[in-house]
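Hello,

Here is the structure we talked about passing on. Please open it first, then read the notes below alongside it.

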Amino acid sequence: MTNSIESTNKTNDKKSIPLSNYLPNVGQVAYGCMGLGGGWNNNPVTAADAAQTRSVIDTALESGINLFDHADIYTFSKAEQAFGQALQQAPELRDQMFIQSKCGIRFEGEGNVGRYDFSADWVSQSVDGILNRLNTEKLEVLLLHRPDPLMELDELARMLENLKAQGKVDFFGVSNMNSHQIQYLQSALGQPIVANQIEMSLAKLDWLNDGVMINSQGHHQSDFAAGTLEHCQMKGTAHYVAQLANQYGVESEAIVLAFLLRHPSSIQPVIGTTNLERIKASAVATQINLSREEWYNVYVYSRGQALP
């Protein structure tokens with residue numbers, strides 16, 4: 001996640017509501033923990049991995065970033081292990097943060113191909129594993145990682161309600177789902193679905209183009225231009241972002257995040273860098289309010305073509 005930005009777009013069945021409405025004092029920018037734990041391998045978590053995680057946590061908290069985004073699959077569960085070790089060494093940090101994690105993706109193994117699993121048994125044991133690795137008693141938010149076509153709605157809803165009743169999870173969300181899938185899940189839940197985490201960035205503009213390109217030729221194209229054209233577009237965008245960064249007296253990371261934060265749908269960017277200086281630079285994005293002209297300039301430069 002060092003070079004990509006995910007975003008948590010808060011939705012429910014009526015309108016977009018900021019996550020802060022459910023979790024008072026949560027920051028506008030979240031930290032994505034996919035880069036923690038020592039890499040995507042079977043090596044055990046080392047003391048150096050735990051020390052790096054502690055440095056990341058301290059830097060994020062000092063910069064006003066207090067929502068930490070996990071998934072049980074990140075670095076084969078080692079990201080959560082390293083984070084849990086840091087909390088074990090400094091338990092006082094837990095009260096200063098909000099933690100969300102994701103479950104539902106199962107890797108290939110034991111005679112099975114990789115798959116998604118929202119069965120009650122799998123979700124239940126996944127949450128117990130997450131809490132154990134993170135060395136915490138509850139998650140502020142649990143996200144269902146990707147849509148499972150075999151989801152049994154009522155069974156899953158009962159399990160989620162049980163997790164809430166048991167005090168293991170405060171709120172629920174999803175990741176990589178469309179509005180119809182979210183509404184279907186919400187129809188069986190007494191709890192609000194507070195987040196949908198999807199990939200959104202200047203290099204991934206489908207979320208924005210989808211609405212702008214209605215009734216325009218080529219609207220059926222779902223992917224951002226690739227190859228040489230994409231490279232040229234991003235070069236132009238980078239030049240303009242650098243100009244804005246100089247104008248606002250910040251690093252480019254802050255401008256890229258400010259572009260997402262400027263959208264009225266309560267987007268909450270998730271940064272993934274383990275570079276402490278970039279964490280600090282990213283946190284400044286909450287202090288920037290791009291003008292409409294600047295926002296549209298960034299958008300159009302990223303598209304590489306004028307709006308229809």
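**What was found**

Setting aside neighbours within four places in sequence, T53 is in contact with L36, A82, F83 and A86. Please keep in mind that this is a predicted model.

T53 sits in helix α1, which covers residues 47-62. Its relative accessibility is 0%, so T53 counts as buried, the cut-off being under 20%. The side chain of T53 also reaches the backbone oxygen of D49, at 3.0 Å.

In general, nonpolar side chains in soluble globular proteins tend to be buried together. The largest nonpolar core here has 74 residues, and F83 and F259 touch the most other members. Helix α8 (residues 252-261) gives the most to this core, with 7 residues. Apart from neighbours within four places in sequence, the contacts of F83 include C33, L36, I57, F68 and L134. There is also a second, separate core of 12 residues, with V26, V141, A195 and V270 among them.

Next, the charged pairs. The count comes to 10 salt bridges. In one of them, E140 pairs with R94, and the closest N and O atoms are 2.9 Å apart. E140 is in strand β7 (residues 139-144) and R94 is in the loop between α2 and β4, so this pair links distant parts of the chain, 46 residues apart. E140 counts as buried because its relative accessibility is 7%, and R94 is buried at 14%.

K138 forms another salt bridge, with D170, at 2.8 Å between the closest N and O atoms. K138 lies in the loop between α3 and β7 while D170 is in strand β8, so the pair ties together parts that are 32 residues apart in sequence. Here K138 is partly exposed, with a relative accessible area of 29%, whereas D170 is buried at 17%.

The buried residues of α10 are E294, W295, V298, Y299, S302 and R303. Just after α10, G304 takes a positive phi of about 80°.

Finally, the whole chain. It has 10 helices and 10 strands, and 49% of its 308 residues count as buried. The accessible surface of the protein chain is about 14,600 Å², with 47% belonging to carbon and sulfur atoms.

Regards

Methods:
Residues numbered from 1 in each chain as written. Predicted model: local features only at pLDDT ≥ 70, side-chain atom pairs only at ≥ 80, totals over all residues. Heavy atoms only, no water. Helix = DSSP H or I, 4+ residues; strand = E, 2+ residues; numbered from the N terminus. Buried < 20%, exposed > 50% of the residue type's maximum accessible area, 1.4 Å probe, protein only. Polar contact = N/O pair within 3.5 Å; in protein donor to acceptor, adjacent residues only side chain to side chain. Contact = heavy atoms within 4.5 Å. Areas by Shrake-Rupley, 256 points an atom, 1.4 Å probe, with all protein chains shown as cover. Core = buried A, V, L, I, M, F, W, Y, C linked by side-chain atoms within 4.5 Å. Salt bridge = Lys/Arg side-chain N within 4 Å of Asp/Glu carboxyl O.
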